[in-house]
Amino acid sequence: MKKPPFMIGIAGTHSTGKSTFVAKAAQTLEGRGFSVGQIGDLATKAREAGFPILTDHTYESTLWIIAEGMRQEAEALLTNDVVLVDRPVPDALGYLKAALEVSSREISGERLSELQTIVAARATRYDMLIITELDHAIPLGPERDTNETFRVAAGHHVTAVIEKVRPQAIRMTSKNPDEVAAAAVEEVVRHFSKGGS
């Protein structure tokens, strides 16, 4: 019987190495014969659909990103050995909380609780979750939001959300991306080499 696919999520504020990690991990895994699906850039798709993003995030935009992320993950899991998610579901809630903080807005406790319940339930589906740490010495990538206050708040809130739902998440800093990528590949290999299904 075929082994179930392995899903890795990497979360954190913008320009902290997530996309680079996904690209390198995908290349290494494909080189080892695994089929790899990649998911990312959901905020851009949300904006294209008419939703506010970044500091203007709302309950509705966050719910859309979460739902679309879960939909894309489900599709990718159908046809790939490994799915790499640049901004897994918990990331969206962290970004909403950062947006609310920096814009001095609130949403109802009921709506926030709904999102937290979805995130907590979905977080268990990732076989590995990685949180990036912001290094201020690394410049922002091209066409990234330049609001440093929001960038810092997003990093803080994404980390807090993930630490609550998956305290064993792996930390990736600007100094250890190669080690984290190697550990991720090793986990995938171990998963598929285990007996049974």
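Student: With which residues is Leu-77 in contact, leaving aside its neighbours within four places in sequence?

Tutor: Contact here means heavy atoms within 4.5 Å. In this predicted model, Leu-77 meets that criterion with Pro-5, Met-7, Val-83, Arg-122 and Arg-125, once neighbours within four places in sequence are set aside. Leu-77 itself is in helix H3.

Student: How far apart are the C-alpha atoms of Leu-77 and Pro-5?

Tutor: They are separated by 6.2 Å, although the two residues are 72 residues apart along the chain.

Student: Is Leu-77 buried or exposed?

Tutor: Buried means under 20% relative accessible area. Leu-77 has 15%, so it is buried.

Student: Let us turn to helix H4. How does its reach relate to the expected span?

Tutor: The expected span is 1.5 Å times one less than the number of residues. H4 runs over residues 89–102, which is 14 residues, and reaches 21 Å from its first C-alpha to its last, close to the 20 Å expected. After H4 comes Ser-104, with a positive phi near 55°.

Student: How many residues of H4 are buried, and what covers them?

Tutor: Eleven of the 14 are buried, so H4 is mostly covered. Among them are Val-89, Pro-90, Leu-93, Tyr-95, Leu-96 and Leu-100. The cover includes strand S1 (6–11) and helices H3 (59–79), H5 (109–123) and H6 (148–165).

Student: How many aromatic pairs does a search of the whole structure find?

Tutor: Rings are paired when their centres lie within 6.5 Å, and the angle between planes sets the class. The search finds three pairs. One of them joins Phe-51 and Trp-64, with 5.7 Å centre to centre and 35° between the planes, and it is tilted.

Student: Why does the pair of Phe-51 and Trp-64 tie together parts of the chain?

Tutor: Phe-51 lies in the loop between helix H2 (42–48) and H3, and Trp-64 lies in helix H3, so the pair ties together parts 13 residues apart in sequence. Phe-51 counts as partly exposed at 24% relative accessibility, and Trp-64 is partly exposed with a relative accessible area of 24%.

Student: What kind of aromatic pair do Tyr-95 and Phe-150 form?

Tutor: Planes over 60 degrees apart count as edge-to-face. Tyr-95 and Phe-150 have 75° between their planes and 5.6 Å centre to centre, so the pair is edge-to-face. Tyr-95 is in helix H4 and Phe-150 in helix H6, 55 residues apart, and the pair links these distant parts of the chain. Both Tyr-95 and Phe-150 are buried.

Definitions and conventions: Residues numbered from 1 in each chain as written. Predicted model: local features only at pLDDT ≥ 70, side-chain atom pairs only at ≥ 80, totals over all residues. Heavy atoms only, no water. Helix = DSSP H or I, 4+ residues; strand = E, 2+ residues; numbered from the N terminus. Buried < 20%, exposed > 50% of the residue type's maximum accessible area, 1.4 Å probe, protein only. Phe/Tyr/Trp six-rings, centres within 6.5 Å; stacked < 30°, edge-to-face > 60°.
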